[in-house]
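Please examine the chain shown below. The paragraphs that follow lead from its overall make-up to selected details.

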Amino acid sequence: MLRVGLTGGIGSGKSTVSGRLAELGAVVIDSDLLAREVVAPGTDGLRDIVAAFGEGVLAADGSLDRAALAGIVFSDDEARRTLNGIVHPRVGARTGEMMAAAPSDAIVVHDVPLLVEKGMAPAYHLVLVVDAPVEERVRRLVAVRGMAEPDARSRIAAQAGDEQRRATADVWLDNGGERAVVLSEVDRLWAERLVPFEANVREQRVHRAGSPKIAEYDPDWPAQAARLISRIQAATSGAPVEHIGSTSVPGLAAKDVIDLQLGVDSLEEADKLAHALGEAGFPRYPEPLSDTVLPSHPDPEMWRKRVHCSADPGRPVNVHVRVREWPAWRYALVFRDWMRAHPEEVAAYAALKRELAPAFAADGGATRYADAKDPWMHAALARAIEWAGGHADRPW
């Protein structure tokens with residue numbers, strides 16, 4: 001099962017996207033619809049709301065007068081907390097039931113208006129954010145929902161802003177233009193990313209980046225790494241994870257592959273985490289791997305590791321699972337920090353990458369490319385260790 005979080009500000013047109021995903025075959029769980037379901041006439045939810053807020057929140061037919069209730073809770077934090085305490089647990093329980101009932105090969109899209117505000121992003125394999133310009137959202141709320149313009153602007157201002165949503169979004173869908181445009185984007189996303197991603201997670205198949213291709217530094221790499229780290233930590237009960245490798249160094253050209261380092265106390269612990277990582281979208285790489293053994297610390301046992309890779313065809317990731325007391329863990333951090341502090345080394349390393357990558361473009365993988373970099377890497381790491389004031393024969 002692939003879990004996809006869908007969110008966006010009020011008036012952004014999430015329903016357009018969720019509707020298309022449902023047409024394509026997704027199991028859509030709409031939190032707004034569930035919030036209505038759990039307070040329908042005859043439910044315990046409605047009974048508890050009336051007990052908390054009085055008969056004045058009921059319409060003439062006995063249903064919930066949502067406008068009357070909104071008038072009470074919108075500007076009253078305590079009242080809003082009371083309402084959330086009634087509705088949210090019931091919505092959560094119903095969501096869990098629907099998730100459990102979905103087929104094992106389902107792409108489950110969880111439509112949550114306040115996904116960003118509630119910090120829910122790490123629970124999903126992927127987060128989609130639907131956006132539209134504020135003025136277009138105001139126009140929709142006034143024209144379609146009949147809101148007064150001041151109310152529409154107030155509702156928009158009360159929600160997360162663009163910066164918060166962009167920090168959460170794995171996929172940003174612009175729904176400010178013609179409907180056909182965003183629907184075409186959704187169709188492409190479904191076919192090229194969501195469907196293969198689900199199959200990879202279900203079959204525990206990794207997605208590898210292929211032959212080395214050097215890209216200019218992308219300033220969005222750190223934000224992407226932060227989202228991935230949150231996801232991994234949610235799956236591993238907060239294990240330490242660091243962004244390492246070339247994409248962690250500002251200004252450094254690199255393969256468009258995020259390298260992360262997850263710390264464990266032993267390789268046995270690493271093996272115990274394998275299932276949770278796989279379920280979170282990071283299956284174990286099937287081949288046993290070790291870091292290159294440096295002559296200054298030759299014990300091969302202390303260079304063993306486990307490697308997991310992303311199942312997401314839209315975002316190649318390598319997760320290096322290393323024992324924190326062994327040298328490779330610290331060396332990766334020292335090398336990263338040294339590169340960040342030495343722009344001239346960044347330029348030299350980028351030049352080496354651009355020189356070597358074309359020679360291995362037909363390989364289908366990056367193993368020989370990485371081997372060709374080893375002499376430079378060994379010399380550079382020695383300089384980094386000296387800079388860090390450490391010693392090559394101890395793991396700090």
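**Charges, fold and local detail**

The chain carries 46 positive and 57 negative side chains, and the centres of the two sets lie 1 Å apart. Here Lys and Arg count as positive and Asp and Glu as negative, while His and the chain ends are not counted; each charge is placed at NZ of Lys, CZ of Arg, CG of Asp or CD of Glu.

This is a predicted model, in which local features need pLDDT of at least 70 and side-chain atom pairs count only at pLDDT 80 or more, whereas totals for chains, interfaces and linings use all residues. Residues are numbered from 1 along each chain as its sequence is written, and side-chain values use heavy atoms, with hydrogens and water left out.

The chain has 14 helices and 12 strands, which are DSSP runs numbered from the N terminus (helices: H or I, at least four residues; strands: E, at least two). Of its 396 residues, 46% are buried, a term for under 20% relative accessible area, against over 50% for exposed and partly exposed in between (1.4 Å probe, protein chains only).

Helix H5 (residues 77–101) contains Thr95. Thr95 counts as buried because its relative accessibility is 8%. Leaving aside residues up to four places away in sequence, Thr95 touches Ile29, Leu34 and His110, where contact means heavy atoms within 4.5 Å.

Strand S4 (residues 126–131) pairs with S5 in the parallel sense over 4 bridges; pairing requires that DSSP finds at least two bridges between two strands. Val130 has Leu173 in S5 as its bridge partner.
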